[in-house]
Amino acid sequence: MVIPLSWYLIVSAILFGIGLIGVLLRQNAVTILFSVEIMLNAANINLVAFSRYVTPSVISGQMFALFVMAIAASEVAVGLAIVLTIYRNVQSVDIDRINIFKW
Amino acid sequence: MLAYYLPLIVLVPILSFITLVIFGKRWGGKSAYVSIAAVLISLGLSIKALIDVLGGLSTKVLFTWASIGSFHITFGFLLDPLSAMMLVVVTLVSALVQIFSMGYMHGDKRYGWFYACLSMFTASMLLLVFAPNYVQMYMAWEGVGVFSYLLIGFWFEKRSASQAAKKAFMVTRVGDLGFAIALILLYVHAGTLDMGKLFAMHFAPALAATISILMFFGAVGKSAQFPLHVWLPDAMEGPTPVSALIHAATMVAAGVYLVARSYPLFEKGPASLEFVAVIGTITAFMAATIALTATDIKKVLAYSTISQLGYMMMGLGVGAFAAGAFHLFTHAFFKALLFLGAGSVIHAVHSQEIFEMGGLWKKMKITSITFIIGGLALAGVPPFAGFWSKDEILLGAYTSGHTVIFWIGILTALLTAFYTFRLIFVVFFGQPRADHHGHAHESPAVMSIPLLILGFFALTAGLLGSPFMHNAFQGFIAPGHEAEAINPLVMGLSVAVALIGITAAWLKYGTQLLPENIIGKNNPVYKLVANKYYMDELYQYVLITPTHVLARFVLKFDQIVVDGIVNGVAKATAAFGSGMKRLQTGYVQNYALFMLVGLIILIIWSFRFLGIH
C-alpha cells in the first residue's frame, strides 16, 4: 500500500506543533533550541514529501532539506555558544531571567 | 571726452575702507593717513570734475551692473553742476573732518575702524551724489544710512549711543518705505528708473504728485524733517566729527539733494512742492524753537541743523530751486565749522552742557573766532555765507506769493540768530561756570587748521551766490533760471531780524540787564518747547507702546498656540511610545508568540485577500 502524501503532511504538522509549543512554553534555553530543531525537521519532512510526490524526477526538495540540516547545525552551534556565554554570566539558562533588554 | 576718472572718486575711498578693515587694528594711529590720503585724492579729482563742468562738460559714465530679462540695472557716474557741487562739498568737508578727527579721536581703541567707517561713508555719499538712476541712488542711500548707524553707535558700550543708533536707523527706515514705494510706482508706470528718461516723460499731475510726495518721505526721514526729525538730536551721541560730517554737512543733506535731483519730477506735480514747502516751514520753525531751550551744545546745533534743513526744503518747495541748493552748499561749510568748533570745545572742557562753560574766549582764541564766524553765518549776518543763501530762500518765498511761509521764515531767522548767539555768549564769554574748566586750552593744530579753513569758507562761500558775483552759483546750478532781483524789503528784514536776535541774546546772556527768567520754568509754553513738543513721548505712546503690546501678544500667541501645537505633537508621540513600550517585555517567548500571531495573520490575509491558493 502506498502511503498518501497527506500522512506525511500530518506528521510534519504534528512535529511542527510540538516544536512550536516547545519554543513558546519551555523555560530552558537548550530545550528551546531543540524545539527549533524539531520545527526545522518538520519543514524538512514537508520538503522531501512534496518533492517525492509532486516532482519525483528531480530531487530539489531533498537538496533543500540537506541545506536546512547544514544551516540548522551551524545555527545550533551559534545558539549553544550564546547559551553557554549567558550561562557563564548569570549561572542559568532560564530564559525568563534573561530580560535585560526589557523597557 | 568721457571723464573716466569719475569712478576713481568713489573707488579710492572704498579701497581705503577695505585696507583699513583688514589692517586698521594693526596700524592703529596710522590708519588716519590712509583714509585722509584717499579722501584727498577724491577731493583733487572732484575739483578736476568741477573744473571740467565749469568748462561745459556734462556727462554720464555708465556700466551695466545686472540684466534681468528686459530689466537692466545700470551703474553710473552722472556729472552735472549739481553733482559736481556736491562732490566738492562732500570730499572737502570729509577731508577736513578726517584731519580734525586725528586730534579729536586720538587714542581711541577703535581708531582704525573709525576711519574705515568714515571712508566708506564718504564713498557711499559720493555714489549717492553720482547716481544717474534711482536704483543706485537707493542703494547708496541705504549705504550712508548703515554707516551713519555704525558711527552714531561708535561708542556702543554706552547704552544711550547704541539706542540712538537704532533709533536713527529705524526712524529713517520709516521714510525709506515711502521712497521705496515711490520707486515701485515709478517703475510700474514708467518702466524705467533712469532719471534722464523719467524726467523727459509725461506724467499725470496727480500721479507725479503722489510719487513725489512718497519720494519726499524718504527725504523727510533722511533730512530729519518734521515729523521724523526725532532721530537727529539723539544722533549726537556719536563722536562730534561724525556729527559734523554726517549729521550736519552731508548725509542729512542727502534728502535735500534727492528733492533737488528729482526736481523735474516734483515740478510735474506742483502739489508736491507745496507739501515740501509746508513741511520745510514747520520743521524750520519748530526746530528753531526747540533750539532756544536746549542746553547741550551739540543738541542746539542739531536742532539748528534740522531748522536749516527745513529752510532748504522751504526753498525747494516755493520754487527757489537754486536757493535751496545754495543754502545746502553754504550750510555744509558753516555747520561743519560749528560742529567741529563744538568738538574743539568739548575736547577742551570734557562737557557738553553749555551752562557749565563760559569765558572760553580767553583760552581758545582760534576756536572762538571760527565759531563766531560760523555763528554769524548761521544767524544770517552779511556778508557771511548763511546770509546770502537764506536771503535767497526768503526772497523766493516772498516773490512766489507764499506770504505765510515768508513771515514764518523771517520769524525763524530771528530765533536762529537768538539761539546761535545765546550759545556763543554763554560758552565763550562771561565767567567760567564750573571750576574744572581751568585747564581748558586751545586744541592742537590738526584740529584748529580745519576750523580755519572752514571758517574761510563760511566767510566767503556765500559770496559766490551774492549779487556781487552776479549770482554765479545760481547761474551754475540752474542755468536759465533768472536770479531774482534784490528786494530791499526782504534783505532789510532779514538783516534786521538777525541783528535783533543777536542783540536780544546779548541783552539776555551777555549782560545782566534782563531778569534771569523772562518766562518761568513752569510756563506751559516753555515746558512744551523744552520737552521738544512731546514728540518723543507721542511716538512712545502712539507707536512704541502699542508695538510692544502687540509684540507681547504675538509672543504669547507663539508661546501658547504655536509652541502648544508643536509640543502637543511631541507629547502625543511620546505618550504613544510609552504605551507601546509595554510590548517590549524582555521575554523572548513573548516575541516568538508575536511572530507566530503575525505569521498567522499574514497567512490568513494572503489567503483571503490576495487569492493565493
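This is a predicted model: local features need pLDDT of at least 70, side-chain atom pairs count only at pLDDT 80 or more; totals for chains, interfaces and linings use all residues.

## Surface patch, helix packing and salt bridges

H1(A) gives the most, with five residues. The patch lies on the surface and has about 1200 Å² of accessible area together; among its members are A:Trp7, A:Ile14, A:Phe50 and A:Tyr53. A:Ile14 belongs to helix H1 of chain A.

In chain B, helix H19 (residues 445-460) has 16 residues, which at 1.5 Å a residue should span 22 Å; the end C-alpha atoms are 22 Å apart, in agreement. Its buried residues include B:Met447, B:Pro450, B:Leu454 and B:Ala458. Viewed down the axis of H19(B), the buried residues fall within an arc of 160°, so they line one face of the helix. They pack against helices H3 (81-104), H15 (321-349), H16 (365-379) and H17 (385-399) of chain B.

Over all chains, eight salt bridges are counted. Three of them are listed here.

| Salt bridge | N to O distance |
|---|---|
| B:Asp80 and B:Arg261 | 2.7 Å |
| B:Glu157 and B:Lys109 | 3.2 Å |
| B:Glu142 and B:Arg173 | 2.6 Å |

B:Asp80 and B:Arg261 form a salt bridge. B:Asp80 sits in the loop between strand S2 (71-79) and H3 of chain B, and B:Arg261 in helix H11 (residues 251-261) of chain B, so the pair ties together parts 181 residues apart in sequence. Both residues are buried. By contrast, B:Lys109 is exposed, with a relative accessible area of 66%, and B:Glu157 is partly exposed at 46%.

Technical notes
Residues are numbered from 1 along each chain as its sequence is written. Chains are lettered from A and ligands numbered from 1 in the order in which they are written. Side-chain values use heavy atoms; hydrogens and water are left out. Helices (H or I, at least four residues) and strands (E, at least two) are DSSP runs, numbered from the N terminus. The expected span of a helix is 1.5 Å times one less than its number of residues. Buried means under 20% relative accessible area, exposed over 50%, partly exposed in between (1.4 Å probe, protein chains only). The arc is that of the directions from the helix axis to the C-beta atoms. Contact means heavy atoms within 4.5 Å. Patches are made of residues with over 30% relative accessible area and no salt bridge: like charges are joined within 9 Å, nonpolar side chains (Val, Leu, Ile, Met, Phe, Trp, Tyr) within 5 Å. Accessible areas come from the Shrake-Rupley method with a 1.4 Å probe; for residues, only the protein chains shown count as cover. A salt bridge is a side-chain nitrogen of Lys or Arg within 4 Å of a carboxyl oxygen of Asp or Glu.
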